[in-house]
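Dear colleague,

Please find below the structure that I am handing over to you. My findings follow directly after it.

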Amino acid sequence: MNIIICVKQVPDTSEVRIDPVTNNLVRDGVKSIVNPFDMYAIEEGLRLKEKFGGKVTVLTMGPPQAEAALREAISLGCDEAVLVSDRAFAGSDTLATSYTLSKAIEKIKDYDLIICGKQAIDGDTAQVGPGIAATLDIPQINYVRKVEEIKDQTITAERVTEEGYEVIQSTLPCLLTVVKEINNPRLPSLKGKMKAKSAVIQVWSAADIAAAEDRIGLKGSPTWVLNIFTPPPKPRGKIFEGEAQNSVNQLVESLKGIIH
Amino acid sequence: MIDYLLTEEQIMIRDLARQITDEKIRPVAAEYDRTEKFPWGIMKDIAQADLFGVYIEEKYGGLGGGILELCLATEEFSKGCAGIAICYSASALGTYPIILAGNEEQKKKYLPSIAKGEKLAAFGLTEPAAGSDASALQTTAEKKGDHYVLNGLKHFITNGGDADIYTVIAMTDKSRGARGASLFVVEKGTPGFTFGKKEDKMGIRASSTCELVFNNCKIPAENLLGREGMGFISAMRTFDMSRPGIGAQAVGIAQGALDEAIKFAKQRKQFDKPISSFQGIQWMLADMATQTEAARALVYASAREVGAGVKDVGVHSAMAKMYASDVAMKVTTDAVQICGGYGYMKEYPVEKYMRDAKITQIYEGTNQIQRNIIGMGLIRESSK
Amino acid sequence: MSGITVYKDKCTGCSLCAKACPFDAITMVDKKPVIDLDKCTLCSSCVEACRKFGAVEIIRTTTQTPDIEKYKGVWVFAQQRKGVVQPVTYELLGKARELADKLKVDVTCVLLGHNIKDKAQDLIFRGADKVYVVDHPKLEHLLEEPYARIVSNLIRKHRPEIFLCPATSVGRSVISRVAVQLRVGLTADCTGLDVNVDERYLMQTRPAFGGSIMATILSKHHRPQLATVRHKVMKEASADPSRKGVIEVVEFDNTFFISRTKVLNVVDEVTSTVNIGEANIIVAGGRAMGGKENFKMLEDLAKVLNGAVGASRAAVDEGWVPYSHQVGQTGKTVCPTIYIACGISGQIQHLVGMQSSDVIIAINRDPAAPIFNVANYGIVGDVFEIVPLLTKRFQEVL
């Protein structure tokens, strides 16, 4: 069972603050982390490998410093790591990113399963996973909360829906995106960290993966950001303090017309 | 924090222990303190992270580090919960006699499973009538053919009941006093070896403290560590090794409490200002931080000395244990003071640090005994 | 040549661009920015920071959809579940109608399913001018492959300029495949949509960085412009039974229905309360609730208000409430009329999931808790005292 895990290095949004004076996003000193949802993907990949054998390859696209995310994945137990990095990839939207990662996956070749986190916390698009499946023309099961069974080149998994869940069966190879419920990610081990420190990370350029020039980076990205703005801060609401019953009465009075 | 010029590997150990503390220990610290359950889940996390073997030689499945490595991990765990930290470091305490006095076969038999974290160890010295006066031991080991028969009672044993491997000191020849004590390995499940009362403690409540009961407990003669009569010396050498670890635990407790106090002082507003803007609070924090750092410097220096195999480390390791634990008690008390009424409430984490700190002044030799060691060392040194 | 350019004559050396760069790619040399192209991802944060001076620009040369002017009309993907059109569809129809009226074009719905034909008329009543119905047993469940194939085919044939899809789990899965098949842009999870009538492009506003900022996304040169739209943000279109429109049943040959995935089972997880994604009122509890048993009082309050119970991550991690009730970055994003946060301090990860609620009410004993910064109303006090009083008071007045 050969598994490819796609991860993304993201700014830790829990550390992103809004400057109360300028109303700008303060990113100073915000550290980069592996997208939290991808940690569940890594864990699931490792568990499946422990059960069925094979190899786990972790893949990311990004600037050279994204290598740190791959080293973290290796410290958890991933076997190999590939960084797809090239100036030509800068400015990629989800379409160009899906294409680029797909080209890298085609170069990695032997795989039964691709696992992605359900979305990245900086963009929250949830589009790259299905985008890769579509580019490679393989089936996908999104929002997986449990892998029930893998046998005879099929996988059965539960996908979360707004109302509950569905049990989906797919042929392999297949792409999964996973949700938080699926597992409890492990911590790295010291031996893993040492291995990660010296591990060789393969770095592939646009030429290495034979990416078409008009499908990557700015040129291959139909969407772009026109502007970014901070939502206007809400004026401070009405806060009741003091005696409890009094506060409750005032609140209920204020809500007349909203709750009826 | 002062740059202690740690190696890359030591930094890795510290960071990993910190990650375990932040992600696994902190969220559950209050619950374990309340329920007094043994933190098996966390022990598993620490084992999986390879941290149980940091001080054990590579050929026995460890990472080949020394006392400083153990101290770095213990300090980080203690920032989150000193009770959980002591479960970890008490296993090391129980292991040192094997490292110090054990033969190759004994090391091969016990160390790998301890290094992997599959088994916890515990050290059995203290008895109801033998606390600071460790030479007043009552537990006996009588040699009968190819085995020893143990009889007696150990109490206040950390990891008691939960550990699998116990290093136990017992008298093989009562007439010789301290020179008649010997060390043995006793495995859990040995007939005649049972556990007594589990103590209800003021602090470090996640750890188990329990009586060991030996009632005609037969163990093979090969479980003797070192030679007969060398037990007391091995035990003292064990404490020389382990005292920096208690110091590290104390530093972690102090740092954890200091961090909480700073956080609180910045948030808490009185007279329309955060209380951290008041000089009175700043001076308290400044003293707390300086004392904590001084304790850390002493602990690391002592740990390095012990780890490097320097002879006669007793005085310095006693200084590290004694000073760091006194600092922990003072800093945690001041942290409660800064947090005021909130600090006194169990809903907030600060009072737990104060309860946990107290034991570091007491166990593995009370601070009075440490002062004896230092004092006698000074006199001895000056008369050379 | 596409890429990033610094106009040194316009630069005042203020270094705002360097501070704004999330990738540390900009350093100031002699008071002018120097961009390290190895680190730069062309994310345009610096362009935004320099809006006032316009000294940084990203120049794009991109491909364009051929015959772009021939793409006309606004389409909506009608999401059905178990043969019932989901209410989110009507929200999209409301928005689609508004955009189409500005552009002076028609609104078309695509309805895929099994035994679904009779549901098309209601879409006309709700604002569609035309409905393409594809009715086939293989379409009973929403499976990405046949659904994407059919939607892509209809789009290629009829060339709409805008295509809106619900940002539901299945909606997102299908439309991402469609975007790749058509090689067009897709903007996820929009909370605001408008059109530039002269240049006929869609302005798509969506939260990013966990909702702490908003971004406006364009896809000027490609058609159709695909967007998924967040549930409970747009106003639902009301039904007008006098509206007229065309319903066209489209047949496809069997190859279109091939799927390598199949649905073995559909399970609705029935909880004692309403699905929080759909609820108009949510009563949510956090760490300060102190235990599973205390959520009972939130259930009581929710029951009186006919609402659902939500929870912060802290409460879910403690095991007091199942994950399906979690609100926030790693849980669900909700947008009810009223959100009552009980003993929730208001970490950013939680705020992200609920701050677009119409009215936020916070109950917390700490007056400095960040939740009060987003609350429209708040009570400073002990939840265990306030919540039962609130339940009682609502019982009296409702």
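In chain C, 64% of the contacts with a separation of 6 or more are between residues 24 or more positions apart, two residues being in contact if their C-beta atoms, placed from the backbone, lie within 7 Å. In chain A, the corresponding share is 69%.

The model is a predicted one, in which local features need pLDDT of at least 70 and side-chain atom pairs count only at pLDDT 80 or more, while totals for chains, interfaces and linings use all residues. Residues are numbered from 1 along each chain as its sequence is written, and chains are lettered from A and ligands numbered from 1 in the order in which they are written.

Chains A and C

Chain C has 11 helices and 22 strands; helices (H or I, at least four residues) and strands (E, at least two) are DSSP runs, numbered from the N terminus. Its C-alpha trace spans about 70 × 65 × 40 Å along the principal axes. Of the 398 residues in chain C, 53% are buried; a residue is buried if 20 or more other C-beta atoms lie within 10 Å of its own, exposed if 12 or fewer, and partly exposed in between, with C-beta atoms placed from the backbone.

Chain A contains six helices and 15 strands, and its C-alpha atoms fill a box of roughly 65 × 40 × 40 Å along the principal axes. Buried residues account for 54% of its 260 residues.

Between the two chains, 79 residues of chain A are in contact with 86 residues of chain C. Elements of chain A that each supply at least two residues to this side include helix H3 (94-108), strand S10 (154-160) and helix H6 (244-254). By class, the side of chain A that touches chain C has 37 nonpolar, 26 polar and 16 charged residues. Here Ala, Val, Leu, Ile, Met, Phe, Trp, Tyr, Cys and Pro count as nonpolar, Asp, Glu, Lys and Arg as charged, and the others, Gly among them, as polar.

An open sheet of 10 strands with mixed pairing runs in the order S13(A)-S7(A)-S6(A)-S1(A)-S8(A)-S12(A)-S9(A)-S10(A)-S11(A)-S17(C); two strands pair if DSSP finds at least two bridges between them. Strand S13 (202-204) of chain A and strand S17 (261-268) of chain C each have a single partner strand, so one side of each is left without a neighbour in the sheet. Neighbouring strands are turned by 30° against each other on average, direction ignored; axes are lines fitted to C-alpha atoms, for helices over the stretch in contact, and angles run from 0 to 180 degrees between N-to-C directions.

Strand S11 (residues 164-171) of chain A pairs with S17(C) in the antiparallel sense over seven bridges, and A:Glu166 has C:Val266 as its bridge partner. A further antiparallel pairing joins S14(A) to strand S14 (residues 213-218) of chain C through five bridges, where C:Met214 is the bridge partner of A:Phe229.

Chain B

Seven residues of chain A are in contact with 12 residues of chain B. On the chain A side, these are three nonpolar, one polar and three charged residues.

Chain B is divided into domain 1 (8-115), domain 2 (121-231) and domain 3 (240-382), with bounds from an automatic or database domain assignment. The C-alpha centres of domains 2 and 3 of chain B lie 31 Å apart.

Yours sincerely
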